[in-house]
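Dear colleague,

I am passing on the structure that we talked about, and my notes come after it. Please keep it open beside you as you read.

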Amino acid sequence: MVLQRDLNDKPVPPHRKAAPTAQTVARAEAALRAQGVEVVGQGSDEDVDFVLVIGGDGTILRACEIARERDVPLVGVNTGHVGFLAEAAPDAIEAVVAGVIEGRYTVETRMTIDVEVETPDGAVERGWALNEAALEKRDRARMLEIALGVDGQAVSSFGCDGLVMSTPTGSTAYAFSGGGPVVWPEVEALLVVPLAAHALFTRPLVLGPDSCLEVVIQHTGFGGAEIWCDGRRSLSVAAGGRIRVTRAARPVRLARLNDAPFSTRLVRKFNLPVEGWRAGAEHDGRDGGTTAEGEGLA
């Protein structure tokens with residue numbers, strides 16, 4: 001399955017429709033058909049073996065909904081901005097197709113989280129996220145008043161603008177912007193990052209992967225609050241409601257076409273300064289990929 005950035009993913013103005021995403025899609029489809037591979041689009045009900053995503057991180061998160069449901073791996077080609085979840089730049093699309101067809105890739109299993117919202121009357125809504133579940137207020141003039149508990153034990157209560165409940169994959173996204181730590185993706189953990197909290201002890205927390213995080217909503221101001229899962233799926237939260245976040249049973253499977261360590265990806269995507277670092281002899285020459293981002297595999 002080939003899935004691309006479109007007008008439902010932010011933002012692709014109509015005058016940019018032909019470049020560079022559409023050009024990369026055309027090259028990908030041509031390379032796949034040349035290898036005898038049947039290409040299907042997003043709306044297909046046919047069985048698929050692999051999802052190829054061409055776009056930015058938002059498009060990849062949309063594709064994760066499809067790949068996770070069908071339990072197949074996906075690989076991203078970045079035509080967006082940061083592209084932290086992507087594996088390659090557009091000019092490497094033929095190499096990506098060849099690597100996938102020849103099976104020259106590994107699969108990273110990325111932890112996801114289940115989100116459960118219980119209303120004061122006992123009704124329950126559920127969602128899930130690969131990056132994060134972000135609790136946000138609707139009333140801009142008032143804070144949320146919340147109480148946190150972990151594994152049935154009260155931990156803290158405070159006022160805040162919001163709360164980010166993140167996976168390690170999401171630790172470089174919204175949680176990072178909120179002051180949370182970067183967590184390597186092979187670490188299974190649950191991050192809790194308060195946003196603009198009005199209290200002394202409101203540092204980010206890192207919980208064990210089997211912990212159950214609970215958030216009791218004490219006060220929301222006017223309009224209630226909402227949870228956004230990966231910025232795509234929302235759940236309403238009322239005062240008196242309770243949120244439960246746990247590790248989900250079903251992960252997302254990301255295909256990797258090179259053996260670059262996460263540190264290489266982190267430095268490259270965030271353009272981190274590394275002057276003065278001298279690697280040991282056993283690591284000399286290990287740059288984590290064939291070429292730099294924008295020239296080949298990420």
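Below I go through an annotated residue, a loop residue and the salt bridges in turn.

Please bear in mind that this is a predicted model, in which local features need pLDDT of at least 70 and side-chain atom pairs count only at pLDDT 80 or more, while totals for chains, interfaces and linings use all residues. Residues are numbered from 1 along each chain as its sequence is written, and side-chain values use heavy atoms, with hydrogens and water left out.

I begin with Asp57, which an unreviewed UniProt entry annotates as "active site"; UniProt positions follow the numbering used here, feature names are shortened, and such annotations may be inferred rather than shown by experiment. Asp57 lies in helix H2, residues 57-70 (helices, H or I, of at least four residues and strands, E, of at least two are DSSP runs, numbered from the N terminus). Asp57 counts as partly exposed because its relative accessibility is 23%, where buried means under 20% relative accessible area, exposed over 50%, and partly exposed in between, with a 1.4 Å probe and protein chains only. Not counting residues up to four places away in sequence, Asp57 touches Val82, Gly83, Phe84, Leu85 and Ala86, contact meaning heavy atoms within 4.5 Å.

Met111 sits in the loop between strand E4 (106-110) and strand E5 (113-118), and it counts as buried because its relative accessibility is 9%. Leaving aside neighbours within four places in sequence, the contacts of Met111 include Leu130, Thr167 and Arg247. Met111 and Pro185 are 74 residues apart along the chain, and their C-alpha atoms are separated by 8.3 Å.

Turning to charged pairs, the structure holds 21 salt bridges (a side-chain nitrogen of Lys or Arg within 4 Å of a carboxyl oxygen of Asp or Glu). One of them joins Glu94 to Arg27, with the closest N and O atoms 2.7 Å apart. That pair links distant parts of the chain, as Glu94 is in helix H3 (residues 93-101) and Arg27 in helix H1 (residues 21-34), 67 residues apart. Glu94 is partly exposed, with a relative accessible area of 37%, and Arg27 is partly exposed at 31%.

Arg233 forms a salt bridge with Glu65 at 2.6 Å, N to O; this pair also links distant parts of the chain, with Arg233 in strand E15 (residues 233-237) and Glu65 in helix H2, 168 residues apart. Arg233 also meets Asp230 in a salt bridge at 3.3 Å, N to O, and Asp230 is buried, with a relative accessible area of 5%.
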